[in-house]
Every structure is written in C-alpha cells, then in structure tokens.
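Work through the exercises below with the model open. Try each task before reading its solution.

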Amino acid sequence: MIGDKKVLFSGMQATGSLTLGNYLGALKNWVSLSDEYECFYSVVDLHSITVRQDAAELRRRARNLLTLYIAAGLDPEKNCLYYQSHVSGHAELAWILNCFTYMGELNRMTQFKDKAAKHADNINAGLYTYPVLMAADILLYQADVVPVGKDQLQHLEITRDIAQRFNGIYGDVFTIPQAYVGKVGAKIMSLQDPFRKMSKSDENPNASIYLTDDPDTVIRKFKRAVTDSEANIAYREEQPGIRNLIDIYCACTGKTPEETVKEFEGKGYGDFKMAVGESVVDVLRPLQERFSQLQQDKAYIDGVIKNNAEKANYYATKTLRKVQKKVGFPERVR
Ligand code: TYM
C-alpha cells in the first residue's frame, strides 16, 4: 500500500513498433486502472538488451514509448512513468532473486524457448533470467496488481513462486502480486494468421496494426485480414479470424460480441472488416495526435523523466534495503 491505495506495476519493451495488441491488451487497461491504484509504469529497457539492439535506436524508441504512455492518457503527475535503467534497484534485486530461482523453473518458460529459437545465434544468460528481472520489477514496488496480456501470465506465476519462496524463508517481505487480464483484448491475434498472437517482431507488416499506422494503412490491413469461407459473422472457435476481428471491434467500441454479431447479421465480411478498421482508426487518431504534440515539448518530457525516476527510486530503495538486510548484507554506515 502507498497511502490508502494498492500498488500497480506494469511495463512494456521499447523494442519494435508497438502494436494494437500492446494497446488493447495492456496500455488501455493501464489507463482505466490508473485512478484506483498507485501506479508504476516502466519502459523496461534492461529487458530489451536481451536481444541485440542498436543503441541510438533503442534510446529513441524508449523515449517514444514513455511519450506514448502519456499520450494514451496516463497522467505523469499521478502515475510514475519511468525508464527501468534509471532505477538501479531493478538490477540489484534481480541478482538477489536469481539466487532464489531454480534453473528447472526457468527451463519451463515458453517465452524463453520461443525467443531462443528465434535468436539461435544469441541465447544469452539475460534471455534466460529475463523472468527473474520481471519478478524484481514487480516485487520492488510491492505491487498488488499487474495488468498484462495473456502471454505474460506464466511470468506472473514464476514471480509469485519466487516471492512466496523468499517470504517462506525471511518472513513477509514481498506482497504477492495478482495478474490483471482484461475481459476483452487480452490476446489479439495476427491479422495474417489467427493462430499466432499479434507481435511487434512479426516479419510480415500486414500481420500487425502498429500504433503509428495511418488510417489508409489500417483499413488496407483489415481488408486483407485472413478470415474463412463460411460467410457468417459468428463468435466461435471454428472461425478464429472472424473471432479476432470481433474481439478487436469490441475492445475498440465497448460493445459485446453478442451485440456485434447482431449488428452485422446478414452483412458480408467486406462491410464488417471496414467497420472494424474504422473503429481502430477512431481509437488511434487521438492517440497519434496527442503523441505528436507531446513529442514537440522536449522540456516537459524531460521533466517527467527526471521527477518520476526520483519517485521510483525512492520506493525501490525502500524495498531493496529491506531485502538486503534480510539476506545478510551489512548495513550502510551513515
Ligand atoms: P511486451 O513489451 O512484449 O508487451 C507489453 C504488454 O502488451 C501485452 N501484449 C498483448 N496483449 C494482447 N494481445 C497481444 N497480441 C499482445 N502482445 C503483447 C503483453 O502481455 C504486455 O502486457 N516482459 C514484458 C514487459 C515487462 C513486464 C514487467 C510486464 C517487463 N517487466 C513487469 C509486467 C510486469 C514484455 O516483454 O511485454
């Protein structure tokens, strides 16, 4: 708890261009939860270097991501928006937690297996211990709740296991966090292959809607979206392409799948795809406008970065000192 509020932590990587999946699965929920909780939203640049990055490009993307957090509606006066690399406690706690995590647990992580297969020439130790750094992110702020898309649930489970193990040895040091997965949009699928999640790293640009896509591009990608030959707009597993489009439409309009099916009864896929595309354009337009305005205001963004890093460091250090004492590191002489 901070004051009378429960704590929320979440983060996003500044690698690749953000997709509609990132927005509907995570960022949108962050905004809706931000009044209720004391929130920490990090740009997780330490995680990004588990895959080789161009330094200048990573810096540029990280700043854009932080700016996008604000453009999406997160008020930096109320929410702590900061770079993970500006708070050294993340790396320090991650080291300690590494010593309380078993290789057997890490071997089971599906994201590690996927990424290792994808980057076979660079299967580094950071990629392997990535979930431990994630646990450190969350536990450092004693977070009660962590809003994520479905793909991160396994990492939330290991975080809870590590925290419980540590508490079992040292007493109640860490708050045990709960995942928060939104009702709609928790797993947005690729527009080209509805069995795969929409991903920043997809090589086919038609598979993903990027948050920077202009209206024509958005509409064109939806027109090309892979569906089926049933010619029936129904919300069912046998029609994963249409189901994904219904999910996107619902997440953008606030309608339910039942309402959507009714709305498009008797209509063709062409009309429906157009409507989904337009609903996405309506969501992206204000976001993009606000983003370009904010990008111009260098001094404002710099101020946010400075103030919020101080705030994050304050809370992070509190937990870190407690943990260091528990494991037996000598106290600092003042
Ligand atoms: P990242 O950057 O891959 O994704 C950021 C958030 O977007 C969600 N997401 C999706 N949701 C729905 N449909 C999709 N197709 C889709 N693709 C991505 C993700 O679930 C995530 O919530 N390891 C994390 C970042 C991280 C983190 C943390 C998250 C680091 N430390 C601590 C929470 C707590 C990651 O790479 O997310």
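**Exercise 1.** Which residues does Ser34 touch, not counting residues up to four places away in sequence?

Conventions come before the solution. The model is predicted: local features need pLDDT of at least 70, side-chain atom pairs count only at pLDDT 80 or more, and totals for chains, interfaces and linings use all residues. Residues are numbered from 1 along each chain as its sequence is written, and side-chain values use heavy atoms, with hydrogens and water left out.

*Solution.* 
- Step 1: locate Ser34. The loop between α1 and β2 (38-43) holds this residue. Helices (H or I, at least four residues) and strands (E, at least two) are DSSP runs, numbered from the N terminus.
- Step 2: list contacts (heavy atoms within 4.5 Å). Ser34 touches Cys39, Leu74 and Asn79.
- Step 3: check polar atoms. A polar atom of the Ser34 side chain lies 2.9 Å from the backbone oxygen of Val31.

**Exercise 2.** Where do Gln142 and Ala231 sit, and what is the phi of each?

*Solution.* 
- Step 1: Gln142 lies in the loop between α7 (125-140) and β4 (145-147). Its phi is near 55°, a positive value.
- Step 2: Ala231 lies in the loop between α9 (215-223) and α10 (240-253). Its phi is near 50°, also positive.
- Step 3: Most residues other than glycine have a negative phi.

Definitions and conventions:
A polar contact is a pair of N or O atoms within 3.5 Å; within protein, one must be able to donate a hydrogen and the other to accept it, and residues adjacent in sequence count only if both atoms are side-chain atoms.
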